[in-house]
Structure formats: C-alpha cells, structure tokens
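My notes follow in the order I took them.

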Amino acid sequence: MTRTLASRLRPTIRVRLTLLYGGLFFAAGVVLLAVTYALVAQDPQGQSISIQGSAPQGLQSQTVLGAPGGTANSHGAPEPGPDQVTNTVKNYRQTMLNSLLTRGGIALGLVGAVTVGLGWLMADRALRPVHQVTETARRVAQGHNLNERIGYDGPGDDVKELADSFDTMLARLERAFDGQRRFVANASHELRTPLAINRTLVDVAVRRPDATDDVRRLGESLLVVNGRHERLIDGLLTLAGSENAITDRTPVDLADVAEHVLDQAEAAQRQLIVHRSLDPAPTRGDPVLLERLVQNLVENAVRHNTPDSGEIWLTTGHRQDRVELQVANTGPVVPPYDVETIFEPFRRLHSQRVNSERGSGLGLSIVRAIATAHGGTVHAEPRNGGGLTIVVRMPDTGHVRGDGIYM
C-alpha cells in the first residue's frame, strides 16, 4: 500500500526532466550573479576614484559644508574633503551592489520561469520517441496484433536502440505465437480424422444385429470417450483461432446473442431457473466467436450448478464506456484464491481433471481468448452462498477509432 502510494506520488519523467533543466539554469544563474557581484564589489588597483578630484557627478550634493575635512573654493562653494568623498563612494558602491542583487534576482526569477516552461516543452519533444514506443505497445496489448512495428528512423541513439529492441521482441513473439497456433491447429486437424473413423467403426459394431449386450455397452462407453475427445479437439481449434487478432468486425448485440444461446441451452433439461435481464449491448466483432463465448459461459453455469433448484442469472447492458455481459450461477463454494485457475487450459478447481461429464476443460480459456482478441476483459468472483459471477466487458460501438483499435 505504501509502495503503491509512493509510486503514484513520484513525478513523471517529463516533470523530472523539466525540474532538471530549470534547476541547472537557476544554478548557473546564481553562480553568474555571484561572480558578477564579486567582480563589482572588489576595488582593483588603479580603478578607485581619486580622493583628490571631484566626487562622481551627483554625489557632491550629498556633502555638507563644515563636515570633517571640508573646504571652500574661491567662489565660496563647499568642497568635500577626502573622507567625505571616500564614504560617499562606498555608500554609492553599496547601493549599486544592492541594486544589482535585487534586480538581478528578479531578472533571474523571471527568466527562470520562462526557462521552466521551455524546459517542459523541450522535455515533451525529447520524450516524443518514447511516447511512440509506448503508444505502439498499448495498441499491441489492446488489439492483440503482433504484426505492428514501431519503425523508428531517428538518429542512432538510446531511443532508437530501445525502439529496435522492442521491434525485435515483437517479431520473436509473433513467430512464437504463430508457431504455437499452427502446431495446435495442425495437430487438431490430424486427430479429427482418426476420431471420426473410430466413431464410425464403433457405431457400426454397436448396431450389428449379432452384437451382444457387452459389446453394446462397450461401444456406448467408447462413443462417450470418443465424443469427449472430439469436443476437446474442437476446443483446441477454437482456442487457436480465437487467439488471432480479429480483423473483420461486424456489429453484434450481445443481448441478441445471449437470448439465442439461452433458448438453445440445456438449462430446461436440468430444471434450472433462468433469470434474464437483457438490455441492448452493441459491440463489434466476429459473431461466431462471440456466440461461442456466450455459449461457453452458459454451459459452464449449467454444468457447475447445484443438482436441484439451481439458478442462473444472465445480464447484458452498458457500463461506462463498455458493454457488459454477466453470467452468475448457484453452485459449490469457490475459494477466491482458486478463481483465476479456471481460466487456464485443462485446469479445474480443487485439482479436478477433465472427465466426460465436465467438458473438455477449455471452455473458460476460450472465453478469455475470444474476449482478449476483441479488446475486452473477463473477470470472475465467487458468489455469496456458492457459485460464480463471471463478467465480460467489451468495447461498445461508440468507442472504436478509425484504425480499428478500441479505446
């Protein structure tokens, strides 16, 4: 808490650069003013005012007839004595030094204020390449598009080295993610064919007239296992595809998608009570993937519900500058520290493994991947009394920029 507060109160790099520029100028100005004061204050040999001559013009009026050492000229006018001239010159010099300090300090303050303003502008100009790097990183994070590069073409300084290093990192990440997605897609496609052949062979064997009861029971068990494997492969394909950036976006209302999914859900078969509050929630994206997102959330709420008298709440609407889809359900108590694990592939609460009754273990992982690809977020929290509340927030249609990046 203390570290967070201290990091918030810490000035930004632009403020620190401005203070550095202004501090250096003030330091140089103070040194220059001090040197000037010292040079004016000293009395170099041969540069002093002769005490035998007249006092500087305008100082004679400060002398008084009859003062110590004073005399009168042939016209009877008073002439200052040596001591009188020396004191007057000293006073005049001190007055000039005080004026130098006062006016020099005021000038230094005014010019320093202007320098701070110019330093603020120059710091912004110096940090402009860094802002370009930051903006590119933000677009990559929000748009999930690793194809973008900074392409900084400035001089070969530290900023260019940073930009080039960032571009190199993006290139390596792009190759790594593309390789992973290609491997998952190719492996899933290769596994689909033998599973389809197995399902056909087992189905034919079960339907034979001379098949015994043991063969039919074994065939039905094999079909269940085969179906689970097909769902798993289908989930892997969807997960691999949903992690790509969504380039073709069409208007989609999450309320319409949720209503369509609820009408086709298996909640009625489980005798669950469904509460709907579907306000308009327009966004833009891939309709097929968004339907899969809602379907996975509803199926997860149905599967992990209480056996009898379970309930599901599905809500859509606006929240600030986002559209929101919220799915809540009754069910077993979920520890708060275990919530985040349900979004990891093949991970379950309480160390449960994948089985045929609980799905493929990829449902919520696909939900998060689809939401991230659309510039959205997914958050889950335990409900009081058991169950989960999962909230998906997506950009609404009024907050999309011309380059397709949501704000």
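I began with the buried residues of H5 in this predicted model. I listed Val159, Ala163, Phe166, Asp167, Leu170, Ala171, Glu174, Arg181, Ser188, Leu195, Val202 and Val206.

Next I checked the span of H5. The helix covers residues 158-207, which is 50 residues.

Then I turned to Thr18. I located Thr18 in helix H2, residues 13-41. Is Thr18 buried or exposed? Its relative accessibility is 6%, so I noted it as buried, since buried means under 20%. I then looked for what Thr18 touches beyond four places in sequence, and wrote down Val116, Gly119, Trp120 and Ala123. I also looked up Met122, which is 104 residues from Thr18 along the chain. The C-alpha atoms of Thr18 and Met122 are separated by 8.2 Å.

My last entry is Thr330. I found Thr330 in the loop between strand E7 (322-329) and helix H9 (363-373). Thr330 has 15% relative accessibility, so I counted it as buried. Which side chain makes a polar contact with the side chain of Thr330? I found that of Asn305, at 2.4 Å. A polar atom of the Thr330 side chain also lies 3.0 Å from the backbone nitrogen of Glu311. Leaving aside neighbours within four places in sequence, I listed the contacts of Thr330 as His304, Asn305, Thr306, Gly310, Glu311, Trp313, Arg383, Gly386 and Gly387.

Technical notes:
Residues numbered from 1 in each chain as written. Predicted model: local features only at pLDDT ≥ 70, side-chain atom pairs only at ≥ 80, totals over all residues. Heavy atoms only, no water. Helix = DSSP H or I, 4+ residues; strand = E, 2+ residues; numbered from the N terminus. Expected span 1.5 Å × (residues − 1). Buried < 20%, exposed > 50% of the residue type's maximum accessible area, 1.4 Å probe, protein only. Contact = heavy atoms within 4.5 Å. Polar contact = N/O pair within 3.5 Å; in protein donor to acceptor, adjacent residues only side chain to side chain.
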